Amino acid sequence: MRDRLEALKVEALRELEAAGNSQELLDLRVKYLGKKGPLTEILRGMGALSAEERPIIGQVANDVRQAIEQVLDAKQEEVQKQETAEKLKGETIDVSLPGRQSVPAGTEHPLSRVIREIEDIFTGMGYTVEEGPEVETDYYNFEAMNMPKNHSARDMQDTFYVTEELLMRTHTSPVQARTLKRLEGHVPVKIICPGKVYRRDEDDATHSHQFTQIEGLVVDKGIRMSDLKGTLLQFAKEMFGPNTRIRIRPSFFPFTEPSAEVDVSCMMCGGVGCRTCKGSGWIEILGSGMVHPNVLRMQGYDPEVYSGFAFGMGVERIAMLKYGIDDIRHFYTNDMRLLKQFSKL
Ligand code: DAH
């Protein structure tokens, strides 16, 4: 029996030595140590041994079992290490490879883009960018802009009222008064103010109850109409191209005197006349004028000492002209097909 056990051990160790993967090792474990294996069979036959022999053979059997187990465990560990190393080698991740699914990149909204362009032009001329509240007081929106209560010009801007004294600003002009008040008589004042404005309009292709304006204001000693003209010509050239010309027509705004509307030569046809400019060669882009003495006086600037010019433009209108967008509602309906076109510009 001892010989059988020793032979078994030799045979098992030989086979273990040759085993090359964990499946083979598992098979060998079952083969030699399993319930139906030779070792179990030998141990079962121990009943036939004498009382003296039994512990001796039992000891030998245990030693053999332990020896096989030890080699099995060691071999298993070695094989497993090898297998893991191989698996890792196959699974190596090349972090420099491009992703399989590209995350769609967002694009700048055409309105944000035009605002940024206009800000760049004016900050390049030394202006700073101001902001004001969209929920505004009647005082700043109207009275400080030289439109006292019951002034007929208030009708030009149909208003959403929040309360008797609070409203959704109808234009960015109140930021003029707010800035003058904040600067307490200091000059120079040189600001632009982009922002949302609100009007009780029926929405259609060219009207929206909420749209965007950019206001401009310059106040100092000796500011003249020619400063306004030069500034706006420079702006028009940078915005629409170096060959752009401007034309100034008399107009009326309560907060400027004199007031002017400014046209630029049509950016589609260069001024020859086309559908966009309705054959005239000119396109109106903004309202402007010399700041009304009342507006200066109300915020503590003596109109005998200081003068200024102001202008206000609709950003949607400029974006529509610049990019050939034919309906103002496109800016708010967030149709990805429209927005995507701006990723290529
Ligand atoms: N606030 C005017 C509007 O919304 C636009 C405007 C005209 C602004 C003349 C000005 C200006 O600053 O001088 O229709």
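Tutor: The discussion below takes up a helix, the aromatic pairs, some strands and the salt bridges. Please keep in mind that this is a predicted model.

Student: Understood. How many residues does helix H8 have, and what does it span from first C-alpha to last?

Tutor: Helix H8 covers residues 225–240, which is 16 residues. Its first and last C-alpha atoms are 22 Å apart, close to the 22 Å expected at 1.5 Å a residue.

Student: Which residues of H8 are buried?

Tutor: They are Leu228, Thr231, Leu232, Phe235, Ala236, Met239 and Phe240. These residues cover an arc of only 135° around the axis, so they sit on the same side of H8.

Student: Why would residues three or four places apart point the same way?

Tutor: An α-helix has 3.6 residues a turn, so residues at that spacing point the same way.

Student: What covers the buried residues of H8?

Tutor: The cover includes two helices, H5 (110–123) and H10 (315–323). It also includes strands E6 (246–253), E7 (256–265), E8 (282–291) and E9 (307–314).

Student: And what comes just after H8?

Tutor: Gly241 follows there, with a positive phi of about 120°.

Student: Changing topic: how many aromatic pairs are found in the whole structure?

Tutor: The search finds 9 aromatic pairs. In one of them, the ring centres of Phe122 and Tyr127 are 5.1 Å apart and the planes stand at 70°, so this pair is edge-to-face.

Student: Are those two residues buried or exposed?

Tutor: Phe122 is buried, at a relative accessible area of 0%. Tyr127 also counts as buried, at 5% relative accessibility.

Student: Which aromatic pair does Phe122 form with Phe311, stacked or edge-to-face?

Tutor: The pair of Phe122 and Phe311 is stacked, with 5.2 Å from centre to centre and 25° between the planes. Phe122 belongs to helix H5 and Phe311 to strand E9, so the pair ties together parts that are 189 residues apart in sequence. Phe311 is buried, with a relative accessible area of 1%.

Student: Which residues form the aromatic cluster with Phe122?

Tutor: One cluster is formed by Phe122, Tyr127, Phe235, Phe309 and Phe311. Phe235 is also among the buried residues of H8.

Student: Let us look at the strands. How many residues of E8 are buried?

Tutor: In E8, 9 of the 10 residues are buried, so this strand is largely enclosed by the rest of the structure.

Student: How do E7 and E9 pair with E8, parallel or antiparallel?

Tutor: E7 and E8 run antiparallel and are joined by 8 bridges. E8 and E9 pair in the antiparallel sense as well, over 5 bridges. As for individual positions, Thr256 has Val291 in E8 as its bridge partner, and Gly289 stands opposite Ala310 in E9.

Student: Next, the charged side chains. What is the salt bridge count?

Tutor: The count comes to 20 salt bridges. One of them joins Glu69 and Arg65, at 3.8 Å from N to O. Both residues lie in helix H4, 4 residues apart, about one turn of the helix. Glu69 is partly exposed, with a relative accessible area of 29%, and Arg65 is partly exposed at 27%.

Student: Which salt bridge links distant parts of the chain?

Tutor: Glu130 and Arg182 form a salt bridge of 2.6 Å, N to O. Glu130 is in the loop between strand E1 (128–129) and strand E2 (135–137), Arg182 is in helix H7 (residues 174–183), and the two are 52 residues apart. Glu130 counts as buried at 16% relative accessibility, whereas Arg182 is partly exposed at 48%.

Student: What about Asp263?

Tutor: Asp263 forms a salt bridge with Arg249, and their closest N and O atoms are 2.8 Å apart. Asp263 lies in strand E7 and Arg249 in strand E6, so the pair ties together parts that are 14 residues apart in sequence. Asp263 counts as buried at 2% relative accessibility, while Arg249 is partly exposed at 27%.

How values were computed:
Residues numbered from 1 in each chain as written. Predicted model: local features only at pLDDT ≥ 70, side-chain atom pairs only at ≥ 80, totals over all residues. Heavy atoms only, no water. Expected span 1.5 Å × (residues − 1). Buried < 20%, exposed > 50% of the residue type's maximum accessible area, 1.4 Å probe, protein only. Arc of directions from axis to C-beta. Contact = heavy atoms within 4.5 Å. Phe/Tyr/Trp six-rings, centres within 6.5 Å; stacked < 30°, edge-to-face > 60°. Pairing = 2+ DSSP bridges. Salt bridge = Lys/Arg side-chain N within 4 Å of Asp/Glu carboxyl O.
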